[in-house]
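Open the model in your viewer and keep the selection tool at hand. The tour below goes from one selection to the next and says what is there.

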Amino acid sequence: MTFIGSFAQDIIHCAIATSEGAIIIELYPKTAPITVANFMKYVDSKAYDGSSFFRVCTPENEAQRAIKIEVIQGGNIDETAVLVPIKIETTKDTGIKHVDGAISMARGAPNSATSSFFICIGDQPELDFGGKRNPDGFGFAAFGKVIEGMEVVKQIQTGSNTNQRLDTPIKIVTVTRI
């Protein structure tokens with residue numbers, strides 16, 4: 001994986017236990033402090049427990065889009081547990097690129113990310129600052145990467161879906177610090 005920036009820092013490791021298997025991620029709090037702190041608030045409060053991976057972007061369901069991506073998206077939590085949206089830490093600021101296995105926050109407008117996150121399958125430069133997937137050009141806030149379990153990520157992506165929504169969402173049993 002190619003990341004730009006210094007990663008000689010404290011790294012946080014988390015396990016995402018799903019109904020399909022475990023995904024182990026590492027997060028970079030010194031490089032993306034706002035985004036990692038936000039994600040960890042959801043982890044520590046157990047807000048992700050019982051949520052799901054609910055959306056997949058595949059070559060088939062992205063065929064009609066001008067800018068195609070491959071990701072799985074999860075973190076749909078109970079409305080009452082949603083925190084205040086965070087300021088976007090762009091890839092221009094952090095140097096953490098949307099490469100294979102990168103974990104990033106989903107968002108609509110800049111500074112609107114809350115709980116929903118996604119994992120990249122293959123390199124996704126159009127999700128970086130200046131990329132064309134989001135018309136505002138800010139891209140998305142990558143904040144870590146998968147270090148084990150990409151086979152689980154890829155298995156989730158193959159699920160039957162309608163308009164990118166998994167017909168049977170994949171349960172996130174728990175997300176914990178390890």
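A residue is called buried when its relative accessible area is under 20%, exposed when it is over 50%, and partly exposed in between, using a 1.4 Å probe and protein chains only. This is a predicted model, in which local features need pLDDT of at least 70 and side-chain atom pairs count only at pLDDT 80 or more, while totals for chains, interfaces and linings use all residues. Residues are numbered from 1 along each chain as its sequence is written, and side-chain values use heavy atoms, with hydrogens and water left out.

**Stop 1: salt bridges**

A salt bridge here is a side-chain nitrogen of Lys or Arg within 4 Å of a carboxyl oxygen of Asp or Glu. By this rule there are six salt bridges.

Select Asp-136 and Arg-107. They form a salt bridge whose closest N and O atoms are 2.8 Å apart. The two residues are 29 apart in the chain: Asp-136 is in the loop between strand 6 (117-120) and strand 7 (141-148), and Arg-107 is in the loop between strand 5 (102-105) and strand 6. Helices (H or I, at least four residues) and strands (E, at least two) are DSSP runs, numbered from the N terminus. Asp-136 is partly exposed because its relative accessible area is 30%, whereas Arg-107, at 13%, counts as buried.

Next select Arg-177 and Asp-44. Their salt bridge also has its closest N and O atoms 2.8 Å apart. This pair links distant parts of the chain, with Arg-177 in strand 9 (residues 165-177) and Asp-44 in helix 1 (residues 33-44), 133 residues apart. Arg-177 is partly exposed at 47% relative accessibility, and Asp-44 is partly exposed at 45%.

**Stop 2**

Select Glu-62 and Arg-65, whose side chains meet in a salt bridge of 3.2 Å, N to O. Is Glu-62 buried or exposed? Glu-62 is buried, because its relative accessibility is 0%. Arg-65 is partly exposed, at 39%.

Arg-133 is buried, with a relative accessible area of 15%. Salt bridges that share partners join Glu-62, Arg-65 and Arg-133 into one network. A polar atom of the Arg-133 side chain also lies 2.6 Å from the backbone oxygen of Ile-67. Contact means heavy atoms within 4.5 Å. Leaving out residues up to four places away in sequence, Arg-133 touches several residues, including Arg-55, Cys-57, Lys-68 and Glu-126.

**Stop 3: nonpolar cores**

A nonpolar core is a set of buried Ala, Val, Leu, Ile, Met, Phe, Trp, Tyr and Cys residues joined through side-chain atoms within 4.5 Å. Select Ile-23, Leu-27, Phe-39 and Phe-53: of the 38 residues in the largest nonpolar core, these touch the most other members. Helix 1 gives the most to this core, with five residues.

Stay on Phe-39. Leaving aside neighbours within four places in sequence, Phe-39 is in contact with Ile-25, Leu-27, Tyr-48, Ile-103, Phe-117, Phe-143 and Val-175.

Terms used. A polar contact is a pair of N or O atoms within 3.5 Å; within protein, one must be able to donate a hydrogen and the other to accept it, and residues adjacent in sequence count only if both atoms are side-chain atoms.
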